[in-house]
Amino acid sequence: MAQPDSKKIFFENLSGAGKAIAVLTSGGDAQGMNAAVRAVVRMGLYVGAKVYFIHEGYQGMVDGGENIREATWESVSSMLQVGGTVIGSARCKEFRTHEGRLKAALNLVQRGITNLCVIGGDGSLTGANLFREEWSGLLTELVEQGSIEADAVQKYSALHIVGMVGSIDNDFCGTDMTIGTDSALHRIIEVVDAIMTTAQSHQRTFVLEVMGRHCGYLALVSALACGADWVLIPEMPPEDGWEDKMCQKLSATRSRGTRLNIIIVAEGAIDRHGKPITSSLVKDLVVKCLGFDTRVTILGHVQRGGTPSAFDRILASRMGVEAVLALLETTANTPACVVSLCGNQSVRLPLMECVQMTQEVQKAMDEKRFEEAVKLRGRSFENNLKTYKLLAHRKPESELPISNFNVAVLNVGAPAAGMNAAVRSAVRVGISEGHKMFAVNDGFEGFCKGQIKEIKWADVGGWTGQGGSLLGTKRTLPAKHVDKIADQMRKHNINALLVIGGFEAFLSLLELLTARGKYDELCVPMVMVPATVSNNVPGSDLSIGADTALNAITTTCDRIKQSASGTKRRVFIIETMGGYCGYLASVGGLAAGADAAYIYEEPFDIRDLQANVEHLTEKMKTSIQRGLVLRNENSNENYTTDFIYQLYTEEGKGVFDCRKNVLGHMQQGGAPSPFDRNFGTKISAKAMQWISKKLVETFRQGRVFANTEDSCCLLGMRRRALVFQPVVQLKDETDFVHRIPKEQWWLKLRPLMKILAKYKTSYDVSDSGQLEHVMRNRPKELDASVAM
């Protein structure tokens, strides 16, 4: 752990001394806005700047007075887990006028504010850019009116603006995810999961209307995440005659024994002629054509409400810190930028380029250029749509290609939420590609016993929302049973393997690769998709299941902290899972607002523990009432959770008392988060497409024979891309003793947690976003659209 007196964070030219930063939220609210405000305030204060809240958005900037208040460290305490925006948001007609902006300029100059951090949608950010462009003219006007001194024009000559997109709609081009989108998906999926149980009981059809204005992202991704039968979005209206096709699809689903249907309608859905398609219209259609018992649920503003998800808290915290860095580095000639997310990386993009691209989408839709509108939304949106079509709409047998290949899919290692979504995706994509798909029960243990059976399209219906592993999973490695596994491969004529699992799955592929020299049956394409709550698989920044575990940790920490409200000062020591990998403790700590997180990758000793106790004691005396300390289960064999609890209890006497909690297997259980469902679905679909390609490449003289390194791969997310990497090449990147990668990207997030907890620490700015330009079409591999 870094001690409070550790080395300084920035070079001198990145100091915020003498600068004033104001933060405001504008337009519609979104979960996670408070996390962004908190990060801006604390990072701004950390670098020595004055930071101001502007309450009620642009209206507060125009009205001035008490609406613009200086922020303190304590003023953003306990707001991380709160939904909406505690500094208020309002749409302001007056700011759209020149007179309104003149008033706003005067209010800012009087407080010496020349740096603005605006959190809002495209309208809010466009208004901020106009204000910036008019700034010098507004100051000249204020001098002429006698409202400010002439030297103020020189002193406050430039207004610097950085934007963060806060919108549940995810309708802003240039970023994969906007603040609030993931939380809105959580609300939608919670409702869909609840509705599915009652729909199944009564054999009902449910039509759900979701928000999103003119953007169909929420509808599309929630349809992908819950396996909806039909989805209607504005960017890709259905072809004429869609009514009959939809009813045929619903009828065919019921005839296969399914007891319910789910149809998701975006609030802006239209047909090819621009006529609105409403949820009530869809309901009437189903009742009239099929006579199904049908209900409508309009989710409305419940999607905007509630506590932010772990993803949104981390995204907003990262973006808030990045926004302050961008403001410190900006010059008079730097264009206004927006901080955004690309894959797993924060980037800075020119604000107006993003706004113009966003407006082009709407223009393309208005002009009925729908294919172009989908492309303009970005590769992430386009990929979601392709994947949904592939998985939701089964082609007739006559239209399927005939490959004569058999592909087996199995789970290996501990269960992780999202595994079933990945299996469903693999099975359906495989069938669409003409393969015969086989499911293996209980991993390699079941494989050697012959627990292998063909799995059909309908067999995986409803799997996306199921937690755990429906196929069954074991930690057994194949080396001891490789002869029996080769026999089963020959017996079932298995031509390719898809392994979904954690570190054991990685070890399994290495063992099978080694055994190829002895068994020709193992000379087939093999690919692994990482799925483990520990997120400790080399070659991938993220694993299926880790997001669900993070949400379990975050929600539990929120409840634990709330349990101490109204009582005396209290510190909670929380133990998380992860083996030797500190991902859950570190990133969970950032999402939950922890004061410290102890992990194996960052060695600590008794002096660090003592410094942390003293630091927390000082904070407890002056401001906070509750403290949170996370400890990874294997962070240190001697400094156990009990030891740390006893140390904090003893050293905190008279200031705070202590409680401890071991979260245990609740981190592995529960329904998968929207992120894990979507990530599992898309990464597995990509893996199956790779298998199809490799099967064609390696088919010679009537059989499949693949014995090269690149025919045994791991598919992982690396920064901005999903990449296939030969497992043998990942050996050098792996610490096999502790079952972790030697380098882990999330370690760069740890200083963020420390800074936001008021520690003085070093911060690596080398990885911070550089100003880039908006790309209309990214290279094909950059489709990692669901990234932290």
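**Aromatic pairs in a predicted model: close-up views**

In this predicted model, the count of aromatic pairs comes to 16. The views below show individual ring contacts.

**View A. Tyr-583 and Trp-746 form an edge-to-face pair.** The ring centres of Tyr-583 and Trp-746 lie 6.1 Å apart and their planes meet at 75°, which is over the 60 degrees required, so the pair is classed as edge-to-face.

**View B. Trp-690 and Phe-724 form a stacked pair.** Here the centres of the two rings, Trp-690 and Phe-724, are 5.3 Å apart and the planes stand at 15°, so the pair counts as stacked. Trp-690, at 9% relative accessibility, counts as buried, whereas Phe-724, at 24% relative accessibility, counts as partly exposed; the cut-off for a buried residue is under 20%.

**View C. Four aromatic residues are joined in a cluster.** The members of this cluster are Tyr-58, Phe-95, Phe-131 and Trp-135, and the links between them are ring pairs.

**View D. Arg-254 is placed over an aromatic ring.** The ring in question is that of Phe-292, and Arg-254 lies over its face at 4.3 Å from the ring centre.

Technical notes: Residues are numbered from 1 along each chain as its sequence is written. This is a predicted model: local features need pLDDT of at least 70, side-chain atom pairs count only at pLDDT 80 or more; totals for chains, interfaces and linings use all residues. Side-chain values use heavy atoms; hydrogens and water are left out. Rings of Phe, Tyr and Trp (its six-membered ring) pair if their centres lie within 6.5 Å; planes under 30 degrees apart count as stacked, over 60 as edge-to-face and the rest as tilted. Buried means under 20% relative accessible area, exposed over 50%, partly exposed in between (1.4 Å probe, protein chains only). A charge sits over a ring if NZ of Lys or CZ of Arg is within 6 Å of the ring centre and within 35 degrees of the ring normal.
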